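Subject: Model handover and notes

Hello,

Here is the model I promised to pass on. Please open it next to these notes.

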Amino acid sequence: MKPLRLRARVALVLGVFACAALAAGWVRAAPGVALVAGPATGMRVGYAQKHDLSPPLSSLPPARGLRLPPAVPTAAPGANLDLALPAMPGPSLSWDGISRAASGCECSPPDTNGAVGRADYVQAVNFTVQVWTKTGSARTGPVPIAALWAGFGSGCEPTVGLDPIVLYDAQADRWVLSALGNDFNDPNDICIAVSATGDPTGAWYRYAFKLSTNNYPDYPKLAIWPDGYYLDVNMQVPGSTQVVGQQPFVFDRAAMLRGQAAGFQTTAAPLPQVMHMLPADLDGPILPPAGAPDPFVGLAPPGGPPQLQLYGFHVDWAQPSQSTFNAIATLPVDPWTYLDGGLIPQPRSQKLLAAMGGFLMSRVGYRNFGDHESLVLNHTVAAGRSIA
């Protein structure tokens, strides 16, 4: 989301979980569900404007005036909230992540996210990234994402870093970092970096993709699938919050893992009939069925029946004309009340939490259990008086 200049620090909002089990063969289109995009309506093919190899992340200067966090984290106590709810067990290990001072951005929300790999944890907030060991020792200081893209050019320099997403590609033992270019002279770029090895402090393959020539790609959310890196964005009228529609993209994962020239595919235009959706991100050791499309989950518009919409994005890199983005099925869920806008109080704190009930919260986790496939996702709903 675009940063807002606010005095108060805003924390993340926790939502309720929804889970959908997918039976074998779920990729077949459900009767009566119309085709959203495919050969009949066309798919658009594009290519990276530029790609290269960055210097090692560990060689880049940290953000100005910062100190590394303590090397030894502390054990966190269990939760003790003043609510009539069961106490959630505390984490086994906890340490300070990237601070607002480190990010250099008075961003609300800060878009905090992170990923765990074999030996490391990588966190990103707006404009900043940092690497720790899984036991909490800092391997790098907080590094401006723009420093990783220094000298690259295109719309990814000099102001890259808004709406970052960091993921760990477990099947390839690589790290993936995306962020909006946010260069007003060359806007609408998504900047994607893939680590050249399994060490996130090393060099990264850098890519710049122009997503649109006339719309601003807000709220980009990235996901990993065997045949590509998938993305969804809110296409907006530049300089406003008017949403044109959702637009799904897929980038050539195989080429990007090798640092080669890479292309992307997307629908011919944004999809105005879709309120909001996210691509599924692969979890676990069992891959999806061969050739299975990446599931996208959409949020039903207010006023209609309580449901989620399931889509499938099938990519054919050899014959892009055969790629499709289909509505697969509707998933009925328990009724909920939308909570969009406003600020939510939290126990024993004067700081308020921002509610974004019109959006699914990143990310949608996919797991193949062998006898069934599952999706887990969350979004913010009204759960009672002053409770989200």
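Start with Tyr-219. At a relative accessibility of 5%, Tyr-219 counts as buried, since buried means under 20% relative accessible area, exposed over 50% and partly exposed in between (1.4 Å probe, protein chains only).

A word on the ground rules. This is a predicted model, so local features need pLDDT of at least 70 and side-chain atom pairs count only at pLDDT 80 or more, while totals for chains, interfaces and linings use all residues. Residues are numbered from 1 along each chain as its sequence is written, and side-chain values use heavy atoms, with hydrogens and water left out.

**Backbone**

Back to Tyr-219. Its place is in strand β12 (residues 216-225). Helices (H or I, at least four residues) and strands (E, at least two) are DSSP runs, numbered from the N terminus. Phi of Tyr-219 is positive, near 55°, and the residue is not a glycine. The rule for that is NZ of Lys or CZ of Arg within 6 Å of the ring centre and within 35 degrees of the ring normal. Lys-50 lies over the face of Phe-152 too, at 5.1 Å from the ring centre.

Asp-111 is another non-glycine residue with a positive phi, about 60°. Look for Asp-111 in the loop between α1 (100-103) and β4 (113-116). Asp-111 is buried, at 15% relative accessibility.

Why flag these? Most residues other than glycine have a negative phi, and most peptide bonds are trans.

Two cis bonds deserve a check as well. Glu-157 and Pro-158 are joined by a cis peptide bond, with omega about 15°. Pro-158 lies in the loop between α2 and β8. The peptide bond from Ser-362 to Arg-363 is also cis, with omega near 10°. Arg-363 is in strand β22 (residues 360-368).

**Disulfide**

How many disulfides are there? The count is 1, taking a disulfide as a pair of cysteine sulfur atoms within 2.5 Å. Cys-156 and Cys-191 form the bond, with 2.0 Å from S to S. The partners come from distant parts of the chain, 35 residues apart: Cys-156 sits in the loop between α2 (145-148) and β8 (162-169), and Cys-191 in strand β10 (residues 189-195). The torsion about the S-S bond of Cys-156 and Cys-191 is about -105°, so the disulfide is left-handed. Cys-156 is buried at 0% relative accessibility. Cys-191 is buried at 1%.

**Aromatic pairs**

The whole structure holds 20 aromatic pairs. Rings of Phe, Tyr and Trp (its six-membered ring) pair if their centres lie within 6.5 Å; planes under 30 degrees apart count as stacked, over 60 as edge-to-face and the rest as tilted.

Among the pairs is Tyr-121 with Trp-132: centres 6.1 Å apart, planes at 35°, so the pair is tilted. Tyr-121 lies in strand β5 (residues 120-125) and Trp-132 in strand β6 (residues 128-133), so the pair ties together parts 11 residues apart in sequence. Tyr-121 is partly exposed, at 21%. Trp-132 is buried, at 0%.

Phe-209 and Phe-264 have ring centres 6.0 Å apart and planes at 85°, so this pair is edge-to-face. Phe-209 is in strand β11 (residues 204-210) and Phe-264 in strand β15 (residues 263-267), so the link spans 55 residues in sequence. Phe-209 is buried at 0% relative accessible area, and Phe-264 is buried at 2%. Both belong to a cluster linked by ring pairs: Tyr-207, Phe-209, Phe-249, Phe-251 and Phe-264.

**Asn-368**

Which residues does Asn-368 touch, leaving out those up to four places away in sequence? The answer is Ile-286, Leu-287, Pro-288, Pro-289 and Glu-373, where contact means heavy atoms within 4.5 Å. Asn-368 lies in strand β22 and is buried, at 11% relative accessibility. Polar atoms of its side chain lie 2.8 Å from the backbone oxygen of Leu-287 and 2.9 Å from the backbone nitrogen of Gly-370.

Best wishes

How values were computed:
A polar contact is a pair of N or O atoms within 3.5 Å; within protein, one must be able to donate a hydrogen and the other to accept it, and residues adjacent in sequence count only if both atoms are side-chain atoms.
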